[in-house]
Amino acid sequence: MNDYKTTIGIEVHCELKTNSKMFSDSINNYGGVANVNINEVDFALPGTLPCMNEYGIELGLKAALALNCEINKKVVFDRKNYFYPDLPKGYQITQARNPIGVNGYVEIEVDGVKKKIGIHDIHIEEDTCKSTHAETKSYLDFNRNGVPLIEIVSEPDMSNEKEAMAYLEKLRELLLYTNVSDCKMEEGSMRCDVNVSVSKTDKLGTRTETKNIGSISSVGRAILAEAKRQIEELEAGREILEETRRFDEKKDCTILMRVKETGNDYRYFPEPNLPPYTLEDSFINRVKENMEVLPDVRRKTYLDAGIHPVNVEKIIANKEISDYLLGLNCNLVIASNLLLGEISAYLNKTEKKLEETKLSKEKFTVLVNKLDSKEINNQIFKEIVDTLMETEEDINKLVENQKANALSETDLTNIVEKLILENPESVEDYKQGKDRAIKYLMGQIMKETRGKADPALANQLLLQKLSEQ
Amino acid sequence: MNNYLDLSIKEIHELLVAKKITPVDLVEECYTRIGENSDLNSFITLNKTEAIEYARKLAEEEVEVDNLLWGIPIAIKDNISTKNIRTTCASKMLENYVPIYDATVIEKVKAAKMIIIGKTNMDEFAMGSASRTSYFGAPKNPVDKTKITGGSSGGSASCVAGNLVPIALGSDTGGSIRQPASYTGIVGMKPTYGRVSRYGLIAYGSSLDQIGPMTRNVYENALLLNTLVGKDKKDLTSVEREKEDFTRLIGKNIDGMKIAIPEFFVSSIVSPIIIEKLNHVVEILKENGATVEYVDMKYLDQVVTIYQIITMGEASSNLARFDGVKFGYRAENSESVEDMYANTRYEGFGTEVKRRIMVGSYLLSGENAKIYYDKALMIRNALKQEFNKFFEKYDFVFGPTTTTVAYGLDENLDDPRKSFMDDTLVMPVNMAGLPGINIPMGKDSDNMPIGLHIIGAHFEEARMYQIASFLENKLK
Amino acid sequence: MDKLTKEEVLHVAHLARIKVTDDEIEKYQVDLKKLLDDVDKIKDIEVESSELLVTPVEHESILRNDQDTRSVDFNEIKKNVPATTGNFVEVPVMVNE
């Protein structure tokens with residue numbers, strides 16, 4: 001059973017983060033009240049014509065550049081004809097013949113091994129209506145119809161579920177970081193169809209397509225299940241048919257939807273209503289120059305700055321923090337610790353975004369520098385963090401006040417000495433090597449100082465004084 | 001009964017300016033004439049209440065002295081979207097469809113304060129050459145009511161030729177303005193592709209369709225075109241051009257103009273009487289300082305084939321939206337979506353439309369798209385290059401508009417190819433996106449009109465009106 | 001006489017989603033064949049151009065600004081919709097989901 005090789009190719013659809021639709025001037029927003037973000041073009045009323053959204057083209061181009069594609073400078077569209085109620089015109093406007101980007105790649109890393117996954121092409125198209133079904137009727141909401149999409153078609157370059165998942169994570173990361181799409185699989189703004197085949201030889205086996213899988217981890221499970229099914233079929237002497245399947249999350253298996261008709265007959269032809277649009281070099285260059293710093297470049301910066309690899313991935317996974325770190329000129333290790341620690345905790349607690357707080361980058365840099373130079377310690381930072389986030393108060397003043405308010409080392413020493421005198425049993429316990437003595441005394445110190453003591457310093461002083469007993 | 005509608009638009013305008021009449025007089029006369037000639041079946045829907053109301057409102061306003069079309073009644077082909085006026089495309093499919101938006105040309109017509117009288121009869125979805133595929137019955141030729149008007153803009157031709165309404169809009173995919181204009185003896189212009197916005201024109205063959213004016217004379221045609229043209233951001237195929245007055249060259253002579261007549265246009269497919277009339281035009285041209293040469297032009301004899309492939313292919317896709325889901329007819333009692341599609345389209349479309357959609361779907365399916373459609377687009381490109389070549393040397397290409405005069409309403413009903421063959425001389429213009437105009441050049445012994453077809457280079461409409469008007473005068 | 005088979009007629013009718021009844025099928029067999037013979041002539045045409053002319057007047061698309069938007073009230077659109085439920089367009093239940 002182990003001598004089968006699995007081959008995987010993936011088609012990903014992502015909705016573009018535009019304000020309006022791709023070929024109509026209605027608003028790109030769905031999920032709320034049905035049929036509100038629509039006009040006569042979305043309803044394909046007789047006589048209506050498509051127009052092209054400039055920003056939609058720009059985002060398609062940006063995605064193609066981020067995926068290292070060759071760019072087709074002449075942007076043209078085709079009609080993909082088929083009948084379905086969620087497709088109002090009876091055709092989808094897409095780029096079948098000349099996709100905006102071809103021959104690209106993304107680099108993935110699985111178990112420390114790097115691999116390039118080829119991108120066959122990336123093309124711009126439009127989304128369909130959303131439908132819901134009851135027993136005898138279906139109901140259509142046209143809000144989603146016409147939302148700009150890109151479809152990214154990979155080469156069949158992946159050979160196991162880990163690579164497939166890494167590829168999808170990578171795509172998602174790139175499209176999120178370039179602000180092309182919000183890539184929310186659970187909301188359908190990123191959707192995956194996975195082609196799987198197995199073979200014992202170099203000749204590829206017949207592939208099946210498993211459609212609309214709900215999450216990246218499910219993609220992994222679906223691939224395992226489908227490869228297993230295919231191998232069992234072949235071992236049982238049966239043939240694999242070209243089929244469309246879906247993944248059943250609960251049963252952990254793929255289920256047949258339909259056998260593919262002989263060659264999907266989409267009757268493609270060039271869309272006569274959309275004359276070509278030429279991407280000028282100046283436009284392409286502007287998009288390149290304005291491109292966000294890509295995640296792999298950021299990874300390298302963080303690692304070079306000495307941030308722990310685990311934290312690096314945490315930052316990459318949190319675009320808000322990653323963006324905040326851009327261009328900061330201070331100790332990035334300290335900065336990232338603060339952002340992943342106390343500041344994230346604050347944001348979670350208050351359900352705020354960083355940009356909604358008063359923590360300007362300037363203020364934050366001053367803060368990091370003060371910590372870096374040991375002008376303040378973590379304890380002081382913790383005391384002032386809420387004020388920093390919520391008010392415009394000057395950070396230097398805040399720190400001064402806090403220091404004045406804080407315990408001096410002498411004060412703390414006095415308190416430690418006093419507590420040792422007051423608790424001779426604990427001293428005795430300590431001498432006998434009982435750990436709870438330290439714990440108890442530390443508790444007393446914190447109680448006495450109402451939590452103001454720097455725990456590290458208090459601990460150090462306590463041990464020092466005890467050893468002198 | 002006054003006969004204001006027999007006057008020219010200029011004369012009517014003077015009466016309006018002098019306050020001797022108001023638009024109400026014109027509109028009422030239109031409806032009287034339409035009523036008296038209801039057997040012509042020119043209209044599918046009349047806009048009577050609203051038109052009279054609007055005319056009354058205009059009567060209270062100052063006449064725009066510089067706007068010759070102010071208060072002038074106009075008829076609109078029923079494949080152009082008119083807000084709140086039923087727009088059927090002469091199909092059962094849209095029998096009860098009332099648009100919620102105006103086509104861009106309708107916005108322009110309204111801005112010029114013309115009064116929309118009604119929606120004219122046509123071939124169903126503009127597919128046909130005799131307007132006989134209309135779900136509402138064929139319109140009749142005012143010259144001889146037993147004869148066809150031609151098509152697909154048959155109703156517009158019929159109402160202008162019958163002088164029921166002075167001007168009308170038609171649309172032309174493969175001759176649908178010029179051919180009925182020829183059969184009924186009026187002037188019809190298909191402008192350069194991209195001159196007039198197609199937004200709101202219910203598509204038949206998107207890369208060929210163009211809206212244009214149908215009028216009683218050349219001057220009024222140019223006048224109406226003035227208001228129709230312009231880049232429209234809702235139609236990306238519409239073209240930005242400097243504003244021009246299409247009447248500006250009318251009245252100038254034609255000395256030195258060079259005219260080519262392709263041999264195919266005077267070949268044996270054309271009736272002798274029509275060739276005779278064309279020869280007479282050639283004499284007039286030569287007498288007035290123009291030169292005429294007979295030339296051999298490639299691909300003209302193959303245009304019907306590529307026209308069939310391109311229009312049926314595009315139509316099969318353009319008409320996919322008529323599926324019973326969003327508007328128009330839906331067959332009742334369908335249990336599944338597939339049933340609803342098949343029944344709705346079976347019951348809603350007429351025979352000609354169904355035939356063309358079926359063939360079109362086949363032509364685009366699988367490998368056929370390459371064999372037929374792509375090749376047709378290559379020949380189309382070659383044909384356009386061929387025209388370009390000739391326009392380097394010649395100002396215009398001339399020929400007859402049709403191969404015969406209008407035939408009987410009950411003739412040639414059985415051959416599905418006939419409707420294509422009727423337009424064989426005028427289709428090349430749509431293929432190359434060129435402007436083409438029909439003007440009357442005489443009559444046969446039965447008094448049936450014969451049309452002259454003038455083809456210009458892209459955006460040469462003003463010069464075409466110049467020579468057309470010159471010949472119109474000489475042929476009077 | 002030269003004509004299509006019944007199966008061929010039913011195939012193109014299905015592509016076009018148009019029902020064909022038994023009493024019509026024979027006429028379609030003949031009529032469609034005539035049109036298909038016509039378009040088949042294209043195979044014999046020699047052409048020097050390999051470029052496809054999609055739209056006849058050479059010019060470029062002008063793009064629309066993403067920020068300009070416009071909506072139409074569903075109550076307007078609804079007037080022409082054959083069947084609605086609330087704010088939804090209603091159709092017989094869709095299969096093949």
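Tutor: Let us begin with a term: two strands are said to pair if DSSP finds at least two bridges between them. Please note also that this is a predicted model.

Student: Then in what sense do S9(A) and strand S2 of chain C pair, and over how many bridges?

Tutor: Strand S9 of chain A and strand S2 (residues 88-92) of chain C pair in the antiparallel sense, over 4 bridges.

Student: Which residue in S2(C) is the bridge partner of A:Leu140?

Tutor: The partner of A:Leu140 in that strand is C:Val89.

Student: Let us turn to the whole interface. How many residues are in contact?

Tutor: On the chain A side there are 53 residues, which contact 33 residues of chain C. The buried area between these two chains is about 3800 Å², and carbon and sulfur atoms give 56% of that area.

Student: Why quote an area at all?

Tutor: Because the accessible area lost when the parts come together is often used to give the size of an interface.

Student: And charges? How many salt bridges are there between chain A and chain C?

Tutor: The count is 3 salt bridges. One of them joins the side chains of C:Arg70 and A:Asp25, at 3.0 Å from N to O.

Student: Which element gives the largest share of the side of chain A that touches chain C?

Tutor: That is S9(A), with 5 residues. By class, the side of chain A that touches chain C has 26 nonpolar, 14 polar and 13 charged residues.

Methods
Residues numbered from 1 in each chain as written. Chains lettered and ligands numbered in written order. Predicted model: local features only at pLDDT ≥ 70, side-chain atom pairs only at ≥ 80, totals over all residues. Heavy atoms only, no water. Contact = heavy atoms within 4.5 Å. Buried area = accessible area lost by both parts, 1.4 Å probe. Salt bridge = Lys/Arg side-chain N within 4 Å of Asp/Glu carboxyl O. Helix = DSSP H or I, 4+ residues; strand = E, 2+ residues; numbered from the N terminus. Nonpolar A, V, L, I, M, F, W, Y, C, P; charged D, E, K, R; others polar.
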